[in-house]
Every structure is written in structure tokens, then in C-alpha cells.
Amino acid sequence: VKLGIKKILDRNHLSHAKSLQYMLEQKSEVISITNRLYLKKEKLRNYTNSFRDLLHNISSNEQIILQKKAVVEEKKNLDSSKGGLQYDIKYSHEIKRLDNELNHVQHIKKKISEKIQMTQNQEEHLSLIIDKILFDNTVMLDKIFKNLEVLAEIG
């Protein structure tokens, strides 16, 4: 029985050593994976920044539309003294067109804001997962290397 247990332990020692060797050989794969994930986070940050730039441009367009609408309303008030249905219809159509543009711009702003939030959430989620996994792996590898030091002292 004792001899059988020794054979099993010897076989396990070799098997564990090979497994450990394989894991240590995966070092370059770990670096490759972390580099890919870093690039993915950068890509998400760039998307977020692009969406912010787009949102800024859309907001500028919104201000221009609001200014145009104010000018039209001012003209309408000035021309109202001239009277007539013709002026009311002309200005009502122009204000309606500007209101439609404004609604469209506000809809686009809402969609862009949602995209900004989504990409920020994805990046933050990715960062937290990466941090947790790499921390756990660092702690485990530290324990592995300390155990290997103990084995080296025994040998």
C-alpha cells in the first residue's frame, strides 16, 4: 500500500510540475491579453470622446436654431403691425420648420447622451473586471512563487 501511494505521489509530482510549467509558459499570452484589453478600453474612451465632440457640435447647432427662431419671432412681432394673414402664415410655417429642426436635434442629443453613457459604462465595467482578475492572479502567483521557494529550500 505504501509503495502504491508513493507511485501515485511521484506521478502527481510530475503531473503538477508539467502543469505549472505550462502555466508559466503562458506568460506571453497574459501580456497579449492585457494589451488587447487595454486597447479595447482606449477604443471605448475614444468613442466616448468622439460622442462628446459630436454632442458639442449638435448643441452648437441647437443654439443656432434657437437664435434663428428668436429672430423669426422678433420679425413676426414687428410685422404684426402690418397685419394680414399672409405674414402670420409665413412666420408660422418658418417657426414650425425651426421647431421641427429643434425637436430633431434634441432627439439626436438624447441618443448621443445615451451612447456616451453606454460606452462609459462598458469601459468602467471592463476596468473593474480586469482589475479584479489581475489582482486575484497576482495574489495567487505570489503564493505559487512563495511555495516554490519553500520547495527549493527543501531540495
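The following legends describe close-up views of a predicted model.

**View 1. Helix H3 and its buried residues.** Helix H3 comprises residues 85–154, 70 residues in all. From first to last C-alpha the helix reaches 103 Å, close to the 104 Å expected at 1.5 Å a residue. Its buried residues are Tyr91, Ile95, Leu98, Leu102, Val105, Ile112, Ile116, Thr119, Gln120, Glu123, Leu126 and Ile130. Helix H2 (27–79) is included in what covers these buried residues of H3.

View 2. Leaving aside residues up to four places away in sequence, Glu123 touches Lys41, Leu44 and Arg45.

**View 3. The salt bridge between Glu42 and Arg45**. The closest N and O atoms of this pair are 2.7 Å apart. Both residues belong to helix H2, where Glu42 and Arg45 are three residues apart, about one turn of the helix. Glu42 counts as partly exposed, at 25% relative accessibility; Arg45 is also partly exposed, with a relative accessible area of 29%.

**View 4. The salt bridge between Lys69 and Asp99**. The side chains meet with an N to O distance of 2.5 Å. Because Lys69 lies in helix H2 and Asp99 in helix H3, the pair ties together parts that are 30 residues apart in sequence. Lys69 is buried, with a relative accessible area of 19%, whereas Asp99 is partly exposed, with a value of 23%.

View 5. Glu94 is partly exposed at 28% relative accessibility, and Arg97 is partly exposed with a relative accessible area of 38%.

**View 6. A nonpolar surface patch formed by Val1, Ile5 and Leu9**. Together these residues have about 330 Å² of accessible area. Leu9 lies in helix H1, which spans residues 2–25. With a relative accessible area of 41%, Leu9 is partly exposed.

Note on methods: Residues numbered from 1 in each chain as written. Predicted model: local features only at pLDDT ≥ 70, side-chain atom pairs only at ≥ 80, totals over all residues. Heavy atoms only, no water. Helix = DSSP H or I, 4+ residues; strand = E, 2+ residues; numbered from the N terminus. Expected span 1.5 Å × (residues − 1). Buried < 20%, exposed > 50% of the residue type's maximum accessible area, 1.4 Å probe, protein only. Contact = heavy atoms within 4.5 Å. Patch = residues over 30% accessible without salt bridge, like charges linked within 9 Å, V, L, I, M, F, W, Y side chains within 5 Å. Areas by Shrake-Rupley, 256 points an atom, 1.4 Å probe, with all protein chains shown as cover. Salt bridge = Lys/Arg side-chain N within 4 Å of Asp/Glu carboxyl O.
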